[in-house]
Amino acid sequence: MLRVLDNGVTAALAGLAVVLIAWTAVSASGVVDSTLFPSPARTARAALAMIQSGVLADDLAMSLQRAAIGFLIGASLGILLGFITGRNPLIARLVSPIVSFLRPIPAIALIPLVTAWFGIGEEAKRIVIAYAVFLAVWLYVHDAVHRTPQIYLRVSDMFGIGRLRTWLTVLIPSAAPAIVTALRYGSSIAYLALVAAELGGTQQGVAYRIQVDGQFMQTDRMFVGLIVLGILGAVTDVVIAAIGRRVINWSE
């Protein structure tokens, strides 16, 4: 396990080094205007200035709060409805067409409508994020529960296991790997929706700061925001995957 982890860290560091070298080479070559494509050193100085001023911490805290609340609401509803529709064909026939209709509608398209309904406050942003996460998570969980091997359920009936124990010992464990995958995918969707929500009207947040910095052509600060979003997404994915491995290590 430790050897696999070490190999993964080494590969990640090697990939990061390649990106930094390529980034430095392109910015130093003069092929691209340095105003539009800042060097790693200039970006690092901008990051340090944003940290010292407290702007980055405030924006990061607000964005994390929005993403976390929206993700938890959307993922919870997606998992719950996924289990219900996965086990109940009648409800699935009623719900699936509605969800299939909503899935092609991106979260960003809902921002004007949600803003008209709820204003530009936090509720609107959380709803947009929760909507996007819900649709992604529901599909994974519904499919996993629906595909639960019938032999498992027949054995459960044969031994007279009640409905609650069947859910706890058969359905949930069977769908657990797909739930982890759904949560990992949903977390990335949450950050995508976060960007759309913050660009739709706010006074604080990582994506909001990128937009403001773009208006003043402060590309070094824009790069800082993009890097922060990338780090947030990567860390969240690693954490969910690690928790998933601990919880469902039996599946391996």
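1. Basis. This is a predicted model, in which local features need pLDDT of at least 70, side-chain atom pairs count only at pLDDT 80 or more, and totals for chains, interfaces and linings use all residues. Residues are numbered from 1 along each chain as its sequence is written, and side-chain values use heavy atoms, with hydrogens and water left out.

2. Second largest pocket. Its lining comprises 15 nonpolar residues, no polar ones and 1 charged. Here Ala, Val, Leu, Ile, Met, Phe, Trp, Tyr, Cys and Pro count as nonpolar, Asp, Glu, Lys and Arg as charged, and the others, Gly among them, as polar. The 16 lining residues include Arg103, Ala132, Ala136, Tyr185 and Ile189, which lie nearest the centre. The space amounts to about 300 Å³. A pocket is an open set of points on a 1 Å grid over the protein atoms alone, with protein on both sides within 12 Å along at least five of seven lines; a cavity is a set where a 1.4 Å probe fits but cannot get out, and lining residues have an atom within 4 Å of a point.

3. Largest cavity. The structure holds 2 cavities of 30 Å³ or more, and the largest has about 60 Å³ of space. H6 gives the most to its lining, with 3 residues. By class, this lining has 5 nonpolar, 4 polar and 1 charged residues.

4. Second largest cavity. About 40 Å³ of space lies here, lined by Met50, Leu56, Asp59, Val206, Arg209, Asp213, Arg221 and Gly225. The classes are 3 nonpolar, 1 polar and 4 charged. H9 contributes the most, with 3 residues.

5. His142. This residue belongs to helix H6 (residues 122-146), helices being DSSP runs (H or I) of at least four residues, numbered from the N terminus. His142 is buried at a relative accessible area of 14%, where buried means under 20% (1.4 Å probe, protein chains only). Its side chain reaches the backbone nitrogen of Gly86 at 3.4 Å.

6. Thr219. Helix H10 (residues 219-247) contains Thr219, which counts as buried at 7% relative accessibility. A polar atom of the Thr219 side chain lies 2.5 Å from the backbone oxygen of Thr35.

Methods: Helix = DSSP H or I, 4+ residues; strand = E, 2+ residues; numbered from the N terminus. Buried < 20%, exposed > 50% of the residue type's maximum accessible area, 1.4 Å probe, protein only. Polar contact = N/O pair within 3.5 Å; in protein donor to acceptor, adjacent residues only side chain to side chain. Points joined across faces, edges and corners; volume = space filled by probe spheres on them.
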